Amino acid sequence: PCAPPRLGRPPSPPLHFPVFYVCVTTSRSRKSEGDDVLARWSDGLLYLGNVKRVDGVKQCCLVRFEDNSEFWVLRKDIHSCYHPQCHIPPIEPEVDSNTWICRQCVFAVATKRGGALKRGRFARLMQMMKQKLPYQLSTLDWDPQHLTNQQQCYCYCAGPGEWNLKMLQCSSCGQWFHEACTQCLTKPLLYGDRFYEFQCSACTNGPETIQRLPMSWVDLAHLVLYHLSLCCKRKYFDFDHEILSFTNENWDSLLLGTLSDTPRQDRCHNLLNALNSHKDRFVSGKEIKKKKCLFGLQVRAPPPLSSDLSPLITDPPINISHRRSRADLLTGAATSRSGCLRCLLVVSPPRSSPVSLPCQRKAAEPETRKSKRRIIETQVSAFVTSKTQSKESGYKPLFLQLKTSAVSALK
């Protein structure tokens, strides 16, 4: 049956509040095998058990109780349970058990992009629960720059995170906190924006504190370029259409302090001067033989703070590839990892010299022998056909020889 029988001996012993607390939100969530739950019996009492099987079609779970008896229980009668001292923070005895909500559900509802809820019941519950972290900071293994830890445990939620992706570092404990879990922000963060003096609720034992640090025009240009590079996955951006446009559109959200009073017509000159006068941070398109209105970062890293004692760990710089000469292409064709034949088909070889295939056996391992032969024959045949149609007889013997050599090498 889908539900425990109404007659017969119920599981023993019955459990009453406040031995266990049931989250009114989690009770409606989906259960999985291995979950410890409280199942409501026909006598109206809750009994401790463990989910052994889940039937999604019939919306019920097979629960094994403390006396090793097993019954199918409707999902609506199953509730997640907590010991008062196991929950973080511990559940106070005077809490109403009929309306109590667990930490996980509070964070699931209150967190959002741009900052957590600041008003309402869930905001108040979140503020109370954030005063105690669900882990010990002393057990985390940090890197020398205190940017990442091996346990991937951050914030009030103990979840993973990336320090340069919209996170704030507490000036007291050094832990990093997600933008979505903080309740002190008035504007959303940009990627790499660390210009804040922040203290978490665990250190203040109350509401979070935050203060905007002063920024220069160089810091602003660096921050905008870094944010755009992560959002658009490019290195170079047009000054007028992308850099200046993004800055003007988000001027109020940047919270620039003294710079916020700068007239709109003066922002262009100040930003352009910062980009051109700091070659250690920025590179212009003019330096790489591109449009001079293009700008990018020398190294893709967030703007540094004056308090940084060592350079930040950054992504490797993006290499700028220039056009290679004909000789370079022919030389690279002989050492290409994917096989020299594909490279030789890109650049026509000299007519007077035969073509050798020294790395024909270095084709990609996952491909089978038949598929490699079919690919090579198709490419060579297509190229020979296009060349013979041009009525240049000098190409025909050469590429027939190339096809024969390639097939024999595969054999």
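This is a predicted model: local features need pLDDT of at least 70, side-chain atom pairs count only at pLDDT 80 or more; totals for chains, interfaces and linings use all residues.
Reader: How are the rings of Tyr156 and Phe177 placed: stacked, edge-to-face or tilted?
Author: A pair of aromatic rings is described by the distance of the centres and the angle of the planes. For Tyr156 and Phe177 the centres are 4.6 Å apart and the planes stand at 45°. Planes under 30 degrees apart count as stacked and those over 60 as edge-to-face, so this pair is tilted.

Reader: Where do Tyr156 and Phe177 sit, and how many residues apart are they?
Author: Both Tyr156 and Phe177 are buried. Tyr156 is in the loop between α2 and β7, while Phe177 is in strand β8. The pair thus links distant parts of the chain, 21 residues apart.

Reader: Which residues touch the most other members of the largest nonpolar core?
Author: This core has 31 residues. The elements giving two or more residues to the core are α1 (103–110), α2 (121–129), β7 (167–169), β8 (176–178) and β9 (196–199). The members that touch the most others are Met126, Tyr156, Phe177 and Phe198.

Reader: Is Trp176 buried or exposed?
Author: Buried means under 20% relative accessible area. Trp176 has a relative accessibility of 1%, so Trp176 counts as buried.

Reader: Which elements do the buried residues of α6 pack against?
Author: The residues concerned include Arg267 and Leu271. Their partners are two helices and two strands by label: α4 (217–232), α5 (239–249), β12 (282–284) and β13 (294–297).

Reader: How far apart in space are Asp35 and Val51?
Author: Asp35 is found in the loop between β1 and β2. Leaving aside neighbours within four places in sequence, Asp35 is in contact with Gly49, Asn50 and Val51. Asp35 and Val51 are 16 residues apart in sequence, and from C-alpha to C-alpha the distance is 5.5 Å.

Reader: Which residue lies over the face of Tyr196?
Author: A charge sits over a ring if, among other conditions, CZ of Arg is within 6 Å of the ring centre. At 4.4 Å from the ring centre of Tyr196, the residue over its face is Arg212.

Conventions: Residues are numbered from 1 along each chain as its sequence is written. Side-chain values use heavy atoms; hydrogens and water are left out. A nonpolar core is a set of buried Ala, Val, Leu, Ile, Met, Phe, Trp, Tyr and Cys residues joined through side-chain atoms within 4.5 Å. Buried means under 20% relative accessible area, exposed over 50%, partly exposed in between (1.4 Å probe, protein chains only). Helices (H or I, at least four residues) and strands (E, at least two) are DSSP runs, numbered from the N terminus. Contact means heavy atoms within 4.5 Å. Rings of Phe, Tyr and Trp (its six-membered ring) pair if their centres lie within 6.5 Å; planes under 30 degrees apart count as stacked, over 60 as edge-to-face and the rest as tilted. A charge sits over a ring if NZ of Lys or CZ of Arg is within 6 Å of the ring centre and within 35 degrees of the ring normal.
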